[in-house]
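Here are my notes for someone opening this structure for the first time. Please keep the model in view while reading the points below.

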Amino acid sequence: MSDDLNLTVDQQFLRQYYSRYGGFWRFPNMLDYCYLVNPCFKDCGIIREMQEFFPTLVTEYPSGMVVNSSLAGECWGVKPEYIIPGNGAAELIKVLMESTEGKVGVIRPTFEEYPNRLSEEQLVPFVSEKTDFRYDEDDLIEFFSCHPIDTLLLINPDNPSGNFIDKKGLLKLIAWTKKRKIKLVLDESFVDFSVGYTENSCVENILLEENPHMMVVKSISKSYGVPGLRLGILCSGDKALLAAMKKRVSIWNINSFAEFFMQIFPKYRMEYKEACDTFIRIRDKFQQELEKIPYIHVMPSQANYFFLEVFPPYEVEELCAILLKDYNILVSACLAKKGIEPNRFMRIAVRDEKDNNRFIQVLKDLTK
């Protein structure tokens, strides 16, 4: 209660929505620019096929881990023993991080779900001094060579900055961490939004086999636009690690809808690729329009969101509160992000063109 008393009026108002962590389908007129999903795949035939099977799926038990690992392996092209599906990536992150020991390198600002599972004493934070929070593999190698760690956490593309290390840079970082006997946790939940995405993933049998020190996490909610299914994967060539993790999750950690999604997804690969290609075009157009707004600075992004720096006459909390109160648009004020100056930066999702056009018009109307 005392913490709430120290919050500004705008902070208290925004926290009422941020603390829900979703469920915004209860507000059908709200434009959710806070949570991050692919806006282009929801109209794919896969959703319609799932609707047809709704009565069966809602009344039947899902399969166990053996079957679902096999389905996940087929979907993402790896051996079943190298993959574990989870009740969203969040379930897998929890299990993985709670068994992580020693010092952990984190790049900030970042997705705090990982470091929140660790003690502050374990964390070794890196904050880029470059413009727009940019960094590459050499920056990380230089910093963590001087600040010893046991595990390196990399969100790529990063959240919220949108920074991206390409495949060549990743391979260099993977080799460096292997040589130093540093475990690498690579979260590539947003990699399918990057330019050249078909070649950017590290979910590959040979790469996993040759680098058992690496764990690759992917939230299916984000790039496939199905957060309600609660589906995520973790891949690694460390079969002992995955076997131990599979024993720590519940016997039915995947529901029937998520299982059926994995079962039929291979039929829709081409539609998914088309959705990702369409999204990249929408994001580029959205960025061009955002750059015309005088009171924000848009940081380059290879993900499905933009990190914005806000200038006078607005501060972030004020602007986010105005958008929500007056226009029913929810964006992230990044209140809980560490490694950034408070009340200066916000993150916005990329939605479809119709919604993006409305958002741009609102920002234009707020120009003073």
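1. Ile 251 counts as exposed because its relative accessibility is 59%, and the cut-off for exposed is over 50%. This is a predicted model. Ile 251 sits in the loop that links helix H11 (239–248) to helix H12 (256–264).

2. Together with Tyr 61 and Trp 252, Ile 251 forms a nonpolar patch. The accessible area of the three together is about 420 Å².

3. Now a contrast: strand E2 (residues 83–86). Both of its faces are covered. Ile 83 and Pro 85 are buried on one side. Ile 84 and Gly 86 are buried on the other. In a regular strand, side chains alternate between the two faces of the sheet.

4. Which strand does E2 join through 4 bridges? The partner is strand E8 (residues 232–236), and the two run antiparallel. Within this pair, Ile 84 stands opposite Leu 234 of E8.

5. Next, look at the open sheet of 3 strands. The order is E9-E10-E12, and the pairing is antiparallel. Strand E9 (296–298) and strand E12 (345–349) are the edges, each pairing on one side only. From one strand to the next, the twist averages 35 degrees.

6. Between E9 and strand E10 (residues 305–310) there are 3 bridges, and these strands run antiparallel. Val 298 has Leu 308 in E10 as its bridge partner.

7. What packs on this sheet? Helix H13 (residues 269–290) does, touching E9, E10 and E12. The direction of H13 makes about 10 degrees with that of E10.

Notes: Residues are numbered from 1 along each chain as its sequence is written. This is a predicted model: local features need pLDDT of at least 70, side-chain atom pairs count only at pLDDT 80 or more; totals for chains, interfaces and linings use all residues. Side-chain values use heavy atoms; hydrogens and water are left out. Two strands pair if DSSP finds at least two bridges between them. Axes are lines fitted to C-alpha atoms, for helices over the stretch in contact, and angles run from 0 to 180 degrees between N-to-C directions. Contact means heavy atoms within 4.5 Å. Patches are made of residues with over 30% relative accessible area and no salt bridge: like charges are joined within 9 Å, nonpolar side chains (Val, Leu, Ile, Met, Phe, Trp, Tyr) within 5 Å. Accessible areas come from the Shrake-Rupley method with a 1.4 Å probe; for residues, only the protein chains shown count as cover. A salt bridge is a side-chain nitrogen of Lys or Arg within 4 Å of a carboxyl oxygen of Asp or Glu. Buried means under 20% relative accessible area, exposed over 50%, partly exposed in between (1.4 Å probe, protein chains only).
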